[in-house]
Amino acid sequence: MKLILTIMFFALVSLEAHAKVVTITGEITCKDTSCNDLKLYIFGLPRMGEASPLPIEVIDNRFSAQVDAPGRFFSVMIITGGGMQHIVPYYNHDDSATIHMSMTLDQSSLNIQASDVDNQVLGAFRAKVNDSSRLLWTDGKDMSIEQIMSLLTDLNTTADSLGGTQGCSAEVRQYIKVWAYNTVHDLYENIPYIVEKSSEELSIDRSTLLPPAYTILDNEISQYFHNTSRVVFLSLGKGSLDDKFQTLYQSYNSPDLRLRAADMLLHEFISKFNYKVDYEKGLSRLEEIVSKYDLDKKYLEEFKKRKATVIGNPFPENVVLTDINGKRFDFNTFRGKYVYIDLWASWCGPCMKEIPHMKRLEKENTNKDIVFLSLSIDTDEKAWKNKVKSLDLKGHQVIDLKNELPKALNVSGIPFFVVYDKEGKLYEYNAPRPSDPNIKEFLESLH
């Protein structure tokens, strides 16, 4: 009994430590902008993979909320009625169970008054990041490469300088180093767009700006930044999938970073693989990676689903189609006919341009061995029905609310067209679209 009680005690202590709740109160002062209709969000970091936070009610410019706190860092976000978004980090420097925040909001910034060194350092570096980013995007086109490089280098220098402030905690020092690295990386990636020159013309050496990613990002703090996994992913080079995994697991010790970067590597492999060639070889390669690094077998299932892109494979069984009347539609209804499928959505501009051609094609078609199927991938059924009605679409109209067909067919953009044969097997992947001059000749050949 004593053993059981001891285990229960430690389990409860562990649960409390993991699920700590902090009470946050405060007030917002608005300058040169309206406090009406603003939305306030405060959430503890990290929040990877969790649902979106709910807005905190603000009454007479005051608020009070209880917030889950996995660690000491919080993200404070305000979205104004005009759509302007402000995000500020906050550090609970004394690990208090209650925090009071006094905020000042104007048209260009959100500031939290702070008497402690840690939040003063965070505020100072945030101002530096905002100023440097704004300057680069507004004036970068007229800057020399040397000036741009100096501006980016100064961000890392400022992070080191502020991190050395007397009294600044080790966590905040590491936070701004990771923040600086990710910011410089993202701005570096955008230099060609800012100055309107190709990367080849610029010939900028990344290593002069940034040390190897693992020297800065291989820590728990890095998971607080949504772009860290992409930075790590890009740092793995251009070798084979096996080479990239080897580099990832040799260079990084953080389990979180490994998993998130591995997820990006495998999704890239799955989305870009040519399933028409060497399907079995690709599956075997993926099985080895998943087994070697003890990864989720969901990646194997995702890969197997894409087998539907191989010519001769049947229409995927897991795809649930619903007709305009809300009834389940059986694809086998079309057995004995070729099926020309238009994958589209109500929100897709390029799809709208193809629809007049599609309507004309259906009207002028004389091949009785062909049926046309308009298959929407809208997730909003009402929007789909409204668009079908407004465009006066006839014929076979169905919807794939879970988007299973584009996943199975590895479709990355719409409109997309495929043809299934009389036996329900894939006949043509990425078929000619209705506006293609050769479409009539293609359809007439289907017998």
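This is a predicted model: local features need pLDDT of at least 70, side-chain atom pairs count only at pLDDT 80 or more; totals for chains, interfaces and linings use all residues.
Biologist: What makes the disulfide of Cys-30 and Cys-35 right-handed?

Modeller: The torsion about its S-S bond is about 85°, and the link is therefore right-handed.

Biologist: How many disulfides does a search of the whole structure find?

Modeller: The search finds two. Cys-348 and Cys-351 form a disulfide as well, with sulfur atoms 2.3 Å apart; this value too is within 2.5 Å, and the pair therefore qualifies. The link of Cys-348 and Cys-351 is right-handed, with 80° about the S-S bond. Counting bonded cysteines along the chain, the pattern is 1-2, 3-4.

Biologist: Is Cys-35 buried or exposed, and how do you know?

Modeller: Cys-35 has a relative accessible area of 17%. The limit for a buried residue is under 20%, so Cys-35 is called buried. Cys-348 and Cys-351 are both buried.

Biologist: Why is Gly-312 called partly exposed?

Modeller: Its relative accessible area is 34%. Buried would require under 20% and exposed over 50%; 34% lies in between, so Gly-312 is partly exposed. Gly-312 is found in the loop between helix H11 (298–305) and strand E9 (321–323). Leaving aside neighbours within four places in sequence, Gly-312 is in contact with Lys-425 and Leu-426.

Biologist: Where does Asn-410 lie, and why does Asn-410 count as buried?

Modeller: Asn-410 lies in the loop between helix H14 (404–408) and strand E14 (416–420). Its relative accessibility is 17%, which is under 20%, so Asn-410 counts as buried. Not counting residues up to four places away in sequence, Asn-410 touches several residues, including Ile-270, Phe-273, Arg-306 and Tyr-429.

Biologist: How do you know that the buried residues of H11 line one face of the helix?

Modeller: The buried residues of H11 are Tyr-299, Leu-300 and Phe-303. Seen down the axis of H11, they fall within an arc of 100°, so they line one face of the helix. These buried residues pack against helix H9 (255–272) and helix H10 (279–292).

Biologist: What is the order of the strands in the open sheet, and what makes E3 and E8 its edges?

Modeller: The open sheet has five strands in the order E3-E4-E1-E7-E8, with mixed pairing. Strand E3 (58–59) and strand E8 (110–112) each have a single partner strand, so one side of each is left without a neighbour in the sheet.

Biologist: Why do E1 and E4 count as a pair?

Modeller: At least two bridges are required for a pair. E1 and strand E7 (residues 98–105) pair in the parallel sense over eight bridges; Ile-28 has Met-103 as its bridge partner in E7. E3 and E4 pair in the antiparallel sense over two bridges, which meets the requirement of at least two. In E4, the bridge partner of Ile-59 is Arg-62.

Biologist: Which residues have the most contacts inside the largest nonpolar core?

Modeller: They are Tyr-175 and Phe-245, in a core of 72 residues. The largest share of this core, 13 residues, comes from helix H4 (residues 170–195). Apart from it lies another core of 34 residues, among them Phe-329, Ile-355, Val-411 and Tyr-429.

Biologist: What pLDDT does the chain average, and where does the value stay under 50?

Modeller: The chain averages a pLDDT of 89, and 94% of the residues score at least 70. Over residues 1–18 the pLDDT stays under 50, and the model has one contact beyond four places in sequence for that stretch.

Key: Residues are numbered from 1 along each chain as its sequence is written. Side-chain values use heavy atoms; hydrogens and water are left out. Helices (H or I, at least four residues) and strands (E, at least two) are DSSP runs, numbered from the N terminus. Buried means under 20% relative accessible area, exposed over 50%, partly exposed in between (1.4 Å probe, protein chains only). Contact means heavy atoms within 4.5 Å. A nonpolar core is a set of buried Ala, Val, Leu, Ile, Met, Phe, Trp, Tyr and Cys residues joined through side-chain atoms within 4.5 Å. pLDDT is the predictor's confidence in each residue, from 0 to 100. The arc is that of the directions from the helix axis to the C-beta atoms.
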